[in-house]
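Reader: I am new to this structure and would like to learn how to read its helices. Could you walk me through a few features?

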Amino acid sequence: MKKQFIIFAILTSISFFGYFLYASRPLAAEPWQWADDGLYWQQAIQIKKWLAGKSTLWLGEYSQTTLVKAPLFAIFLVVVNLSGISLHVVEFLLLILLAVLLIKAIEPVFPTSCFDKAIIVFITICCPYLPDHVRLLRDVLAFTLIGYSLVCWIGLLSRAGLSGRRQEIWSALSGLFVALYYLCREEGAWLLIPAFLVVGFTSIVALKKRRFLQSALVPTIFLSAFFAPVVLVCALNYQSYGAFVTTDRRAPEFTNAFKLMASLEPKNARRFVPMPEATRKKVYPFSSALAKLEPYLEGKQGDATATNPGHIALNEAQLGDREFFVSYFEFALREAVWASGARTFQDQENFWKSVTEQIEAAVVCGELAQGSRPLGLCAPLREGDMLKIINSTFNSFISLFLLRGADIPLDPRSSGNESDVANMGALTNTRLAPMKSLDLELPKETPIRSNLFHISNKIVQMFYLISLVTPFFLIFEIIKNLFARKVDPLQVRLFFSGLLSLGTLALFCLMMGVLDVCGWPHLKYPASYNSLGIILLTIFSCIGFSQLVYLFKINYNDKKK
């Protein structure tokens, strides 16, 4: 009992330290951000009305933005609001639970001591990019769900070939968290690649051990747990809007038309521009449907978007350019279609189907040239892009490893309508950053917290380095045991847990590389999208630490003998 109390006291102290250093921050409310903060806020308000029976449409009236992003973060905000707990406290509690789940996941291969638990909790909650997330964005929830997915795969991999129900539980959790991430961020399907590899491997191991029921149950449970929440959201969207999709970004006719348009006239291709102006103007005569959007896309209605100095600077273009970049093209198309009179999901899908049919006919007749289609809603690959992607992939990893851009923001501010700002604070149960004001004295971060933050980050980076070096020593130990004909299954499982973590991190960095080359140059801002990968590096570091302690223990025991 005394030992348990000591463990609890140590972990509680570390948690309070981590919260003070990383998670204690105000909410910089920006309700005017219609595609981000304001969108999630409005979705959450509409869900609350729907739950109270005040609306039959679960996300409110259909508009250009109702289904533009997946709804999980809005659902999460409603849960936070009903709980009465601050959003930032809930996000931090999820990190603590992630550390606890990781300790449980590696239990079969690495039974943790009190010291081990403390280090794993410390590495997990000391998230260097967390203080920078002051706006009402889905990023913290997103990278936490990535972490939960990876931890559950590790739990499943660590139990491959073992009897009992534990595999089924970890398989169910794996499917659930991958689904939740998919419902949080539209590109979440990339997590299915490592998930299928782990589930398939576990099923094959069970089959080799002639555990046929377990071999069938693991993938069946994973798929059931994945599809259940996804189908539920699709059903809700269908009931309210006739759209059996999780988001408009998964609407089949729209995505097909987008990729087709982006592949046209490759000679006109420009970096970060899916469909340049020259290509659009050449296509209009061959598609009467797309020509309906010309007054918006090429007229004064589209000027505010096409000449937006923020998007021009972001995409490294010249001031004065009039183009729709990847960062805004899909929104411009939705605005244009809405302005043309297509005001329901099905009307818009029918519109894009007509666009596709007409353009494909022109391609078949040789009137329009077609190149490669892009990955997702991005610009297509151009000559020489593969080398750029490799370079950006490496840059993504280095940015995470060096914690580029990780800092405590000194002056977070709220902006917009005061009533809306107050309502956003009430929804999230979170203290608000002050409103922007010219006569307001700028606050300064306390030196103690700032110094502790940077010292803590250096300690965390030390564990990052350990995680890169330790696997080589573990491989050496495994090879040595192979020659001695005394292979330790725990060593092999622990090594593959680290390999799984590193492989998932590499896949994430590759995705960031593709996005940096074909989407927008986001790696110039390393604390933004790329920072989602920090949780993968964190878990990889925890596994690396576990490998180091394991090697120390077995070598210490050998010397004692």
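Author: Let us start with a contact, which means heavy atoms within 4.5 Å. Asp385, Lys388, Ile389, Ser392, Thr393, Ser396, Phe397 and Leu400 in H18 meet Leu505, Ala506, Phe508, Cys509, Leu510, Met512, Gly513, Val514, Asp516 and Val517 in H21. By residue type, this contact of H18 with H21 divides into 11 nonpolar, 4 polar and 3 charged. This is a predicted model, where local features need pLDDT of at least 70, side-chain atom pairs count only at pLDDT 80 or more, and totals for chains, interfaces and linings use all residues. Residues are numbered from 1 along each chain as its sequence is written, and side-chain values use heavy atoms, with hydrogens and water left out.

Reader: How are the axes of H18 and H21 placed, and at what angle do they cross?

Author: Two packed helices are described by the angle between their axes and the distance between the axes. Here, the axes of H18 (residues 385-401) and H21 (residues 489-518) come within 7 Å and cross at roughly 125°. H18 and H21 are therefore oblique to each other; angles under 35 degrees count as roughly parallel, over 145 as roughly antiparallel, 65 to 115 as roughly perpendicular and the rest as oblique.

Reader: What about H6 and H7: at what angle do their axes cross?

Author: The axes of H6 (residues 139-158) and H7 (residues 166-182) cross at roughly 160° and come within 8 Å. That is why H6 and H7 are roughly antiparallel to each other. Their contact residues divide into 14 nonpolar, 5 polar and no charged. Among the residues of H6 in this contact are Leu145 and Trp153, while those of H7 include Trp170 and Phe177.

Reader: How many of the 12 residues of H5 are buried?

Author: Buried means under 20% relative accessible area, exposed over 50%, and partly exposed in between (1.4 Å probe, protein chains only). In H5, 9 of the 12 residues are buried, so this helix is largely enclosed by the rest of the structure. Among them are Asp116, Ile120 and Phe122.

Reader: Which residues are buried in H2, and what covers them?

Author: The buried residues of H2 (residues 37-51) include Asp37, Tyr40, Trp41 and Ile47. Their cover includes helix H3 (72-83) and helix H19 (418-428). After H2 comes glycine 53, with a positive phi near 80°.

Reader: Where does aspartate 248 lie, and is it buried or exposed?

Author: Aspartate 248 lies in the loop between helix H9 (212-241) and helix H10 (252-262). Aspartate 248 is buried, with a relative accessible area of 2%. Leaving aside neighbours within four places in sequence, its contacts include Tyr62, Arg334 and Phe345.

Key
Helix = DSSP H or I, 4+ residues; strand = E, 2+ residues; numbered from the N terminus. Expected span 1.5 Å × (residues − 1). Axes fitted to C-alpha atoms, helices over the stretch in contact; angles between N-to-C directions. Nonpolar A, V, L, I, M, F, W, Y, C, P; charged D, E, K, R; others polar.
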